Amino acid sequence: SLERLDFVVHDAGGCVPSDLTLCLQDGRFAVEAEWTDFSGNSGNGHALPLAGDANTGLLWFFSPDNVEVTVKVLEGCPVNGHWWVFLSSGSTVEYTVTVTDTVTGVSREYTNDSGEAAPLVTDTQAFDC
């Protein structure tokens, strides 16, 4: 049997989604993560886009049914002239989440130290509009 799939063309300068790259805001922002567990094992975060939501996605480290980080990028340009980045996590694993504006090339890193409860990130001045 045949299955009909959508053909998607990505802007060469924008984010291209993959298992390791979460693309938000129609490819304007690329989100990637690296982690280290309590035994010293390390790896890359895996992307779980949310169907129908260009603002928000999920990252998992160990298993796709165990989400580690939720990432949201919102356009706050009319409010304060910036794109906003929000992260929430229930993890105590060491990690770094990198959000890159593919238009300007500017990146921001958000980290959590090993054994620490991950802080809620509310960066309302993450990227200039």
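Predicted model: local features only at pLDDT ≥ 70, side-chain atom pairs only at ≥ 80, totals over all residues.
I began with the strand order and found β4-β5-β6-β7-β10, an open sheet of five strands with antiparallel pairing. At its edges I noted β4 and β10 (121-128), each of which pairs on one side only.

**Entry 2, β4 and β5.** Next I followed β4 (residues 46-49) into β5 (residues 56-60), and I found the two antiparallel strands joined by four bridges. They make a hairpin with six residues between them, and in the turn I spotted Gly52 with a positive phi of about 80 degrees. For His46, I traced the bridge partner in β5 to Trp60.

On to β6 (residues 67-75), which runs antiparallel to β5 and is joined to it by five bridges. Here I saw Thr56 standing opposite Lys72 of β6.

How many disulfides does the structure hold? I found two, and with the bonded cysteines numbered in sequence order, the pairing reads 1-2, 3-4.

Cys15 is joined to Cys23, S to S 1.9 Å. The torsion about that S-S bond is about -70 degrees, so I logged the disulfide as left-handed. Cys15 has 6% relative accessibility; buried means under 20%, so Cys15 counts as buried.

Cys77 is joined to Cys129, S to S 1.7 Å. This link is left-handed too, with -90 degrees about the S-S bond. Cys77 lies in helix α1 (residues 77-80) and Cys129 in the segment after β10, so the pair ties together parts 52 residues apart in sequence. I noted Cys129 as partly exposed, with a relative accessible area of 48%.

Definitions and conventions
Residues numbered from 1 in each chain as written. Heavy atoms only, no water. Pairing = 2+ DSSP bridges. Disulfide = S-S within 2.5 Å. Buried < 20%, exposed > 50% of the residue type's maximum accessible area, 1.4 Å probe, protein only.
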